[in-house]
Amino acid sequence: MAGPTHCFTPDLLKGKRALVTGGGTGIGRAIAFALAHAGADLILAARQLEPLQATAQEIATETGRDVLITQVDIRNLDSVQALAEFVTDHGGQVDILVNNAGGQFPQAAENYSANGWRSIIDLNLNGTWNVTQALGQQMLKGHGGVICNIIMTIGR
């Protein structure tokens, strides 16, 4: 992947592990490539396994970094707990957490159904909170870390 992924020294994040939610596609995929190019080993997590597999293979081939993948539904506490256990079982805590998973239904506010609104809040707000709590607890008990929350705005 050419372009801004190469703007940092290749060993800037050497020895660091980063977890990117929503890391198989879109912005999360680009972030994962950038982190790998800066020297980080990765854990990519998302609901769909196929994009994770493809992205992990491309990153590993291009950068030589270790890339683990796991499925997670950030809206589901049991799934997030399984993610935290996956991290523990594969080398302990992460140094960098990128909360990128999310979604929206771009439309005028009056067009949202009650279920649509709850889905957006559960994914973008509660889901981000769930992952931050689970992985942040590991960071607090370990050697600290950095948490980056990604948001997207759509100008209309």
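Is D73 buried, partly exposed or exposed? D73 is partly exposed, because its relative accessible area is 22%. This value, like the others in this report, comes from a predicted model.

## The sheet

Strands of a sheet pair through backbone hydrogen bonds, in either a parallel or an antiparallel way. Here, 5 strands form an open sheet with parallel pairing, in the order 3-2-1-4-5. Strand 3 and strand 5 stand at the edges with a single partner strand each, so one side of each has no neighbour in the sheet. From one strand to the next, the twist averages 15 degrees.

Two helices pack on this sheet. Helix 1 touches strand 1 (17–21), strand 2 and strand 4, and its direction makes about 170 degrees with that of strand 1. Helix 4 touches strand 1, strand 4 and strand 5, and its direction makes about 175 degrees with that of strand 4.

## Strands 4 and 5

Strand 4 covers residues 96–99 and strand 5 covers residues 146–149; the two pair in the parallel sense over 4 bridges. To get from strand 4 to strand 5, the chain passes through helix 4 (residues 114–141), and this β-α-β crossover is right-handed.

Individual residues show how the two strands line up. I96 has V146 in strand 5 as its bridge partner, and L97 stands opposite I147 in strand 5.

## A residue of helix 4

T128 is placed in helix 4. T128 counts as buried because its relative accessibility is 17%, and the cut-off for buried is under 20%.

Apart from neighbours within four places in sequence, T128 is in contact with I74, N99, A101, L123 and N149.

## Salt bridges

Side chains of opposite charge can pair when their charged atoms come close. The structure holds 3 salt bridges. One of them joins R29 and E58, with the closest N and O atoms 2.2 Å apart. R29 lies in helix 1 (residues 26–37) and E58 in helix 2 (residues 49–63), so this pair ties together parts that are 29 residues apart in sequence. E58 is partly exposed, at a relative accessible area of 37%.

Another salt bridge joins R65 and D41, and here the closest N and O atoms are 3.0 Å apart. R65 lies in the loop between helix 2 and strand 3 (67–71), whereas D41 lies in strand 2 (residues 41–46), so the pair ties together parts that are 24 residues apart in sequence. R65 is partly exposed, with a relative accessible area of 22%, while D41 is buried, with a relative accessible area of 17%.

D73, the residue of the opening question, forms a salt bridge with R75 at 2.9 Å, N to O. R75 counts as partly exposed at 30% relative accessibility, and D73 is partly exposed as well, at 22%.

## The aromatic pair

A pair of aromatic rings is described by the distance of the centres and the angle of the planes. The count for this structure comes to 1 aromatic pair. The rings of Y112 and W117 have centres 6.4 Å apart and planes at 80 degrees, so the pair is edge-to-face; the cut-off for that label is an angle over 60 degrees.

Y112 is partly exposed, with a relative accessible area of 22%. W117 also counts as partly exposed, at 49% relative accessibility, because exposed means over 50%.

Methods: Residues are numbered from 1 along each chain as its sequence is written. This is a predicted model: local features need pLDDT of at least 70, side-chain atom pairs count only at pLDDT 80 or more; totals for chains, interfaces and linings use all residues. Side-chain values use heavy atoms; hydrogens and water are left out. Two strands pair if DSSP finds at least two bridges between them. A crossover is right-handed if, with the strands pointing away from the viewer, the path from the first strand over the helix to the second runs clockwise. Rings of Phe, Tyr and Trp (its six-membered ring) pair if their centres lie within 6.5 Å; planes under 30 degrees apart count as stacked, over 60 as edge-to-face and the rest as tilted. Buried means under 20% relative accessible area, exposed over 50%, partly exposed in between (1.4 Å probe, protein chains only). Contact means heavy atoms within 4.5 Å. A salt bridge is a side-chain nitrogen of Lys or Arg within 4 Å of a carboxyl oxygen of Asp or Glu. Axes are lines fitted to C-alpha atoms, for helices over the stretch in contact, and angles run from 0 to 180 degrees between N-to-C directions.
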